[in-house]
Amino acid sequence: MNKSVYSLVLMDDIIKAVDREAYRLGTSRSNLINQILAQHLACETPEMRMRSTFDYLSELIGESFRIQQQRSASLMTMRTSLDYKYHPTISYKVELQRAPDQYIGTLRVQIRTQSQLLLNLFKEFFMFRIRFEAEELAKICPHEYVFSLTDECFTRKLYNSGLTPDKTGEAISRYIRNLDSSLQSFLASPSESEPQLLRLGSEYLQLINDTII
């Protein structure tokens, strides 16, 4: 969505109110005025599109995930506990792009634990998941599978399938729920790693048959 510079003459009291609200929302004066005018004139802004996507994602993600408050319109964080001793926390962060190209945004999965064994299992799971996803997505998607992996964090770009905000929110929620369920299942039976990972991969294939994400 293109932008241009315009001069507006506004009352001081209005500017003060706008600045207070912009500070509360963590945005700029210009961006807030742009959103207010867009809502009044029924125009969709990137912020409105992202907010709508996150609204559907929040509704569909499930009760086991705790939604965190964010000041950024482009970011949403969900946390849950692993069904593992000491119940360590794992977070799923979705950051959407204001102007999506072949990717709509980024998913970051991060674990918080002091257990080296759990960190090793976390990395083992995602090393398999990365290989599997990259191989399967290469068959149906022309864009590169972009990812990174450390001991505590998995990050990947989410493909843009040209979906509406409601369908995008639904697709992301399905992917995160599948990913979390697969990780939980793997950690419950790590001794059966190879057959377990292959079974979990088959569940992912059912998901991407409906939507590439």
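Leaving out neighbours within four places in sequence, Asp180 is in contact with Phe65, Thr80, Ile90 and Tyr92, where contact means heavy atoms within 4.5 Å. The structure is a predicted model, in which local features need pLDDT of at least 70 and side-chain atom pairs count only at pLDDT 80 or more, while totals for chains, interfaces and linings use all residues. Residues are numbered from 1 along each chain as its sequence is written, and side-chain values use heavy atoms, with hydrogens and water left out.

Asp180 belongs to helix α5, which covers residues 165–188. Asp180 counts as buried because its relative accessibility is 7%; buried means under 20% relative accessible area, exposed over 50%, and partly exposed in between, with a 1.4 Å probe and protein chains only. The C-alpha atom of Asp180 is separated by 49 Å from that of Leu10, a residue 170 positions away along the chain.

In soluble globular proteins, nonpolar side chains tend to be buried together. Beyond its neighbours within four places in sequence, Tyr92 is in contact with residues including Met76, Leu107, Ile176 and Asp180.

Thr113 is placed in the loop between β4 (103–112) and α4 (116–140). With a relative accessibility of 16%, Thr113 also counts as buried. Its side chain reaches the backbone nitrogen of Ser115 at 3.0 Å. Not counting residues up to four places away in sequence, Thr113 touches Pro88, Leu118 and Leu119.

The chain as a whole contains six helices and six strands. Helices (H or I, at least four residues) and strands (E, at least two) are DSSP runs, numbered from the N terminus. Along its principal axes, the C-alpha trace spans about 70 × 40 × 25 Å. Of the 213 residues in the chain, 40% are buried. Among contacts with a separation of 6 or more, 56% join residues 24 or more positions apart.

Key:
A polar contact is a pair of N or O atoms within 3.5 Å; within protein, one must be able to donate a hydrogen and the other to accept it, and residues adjacent in sequence count only if both atoms are side-chain atoms.
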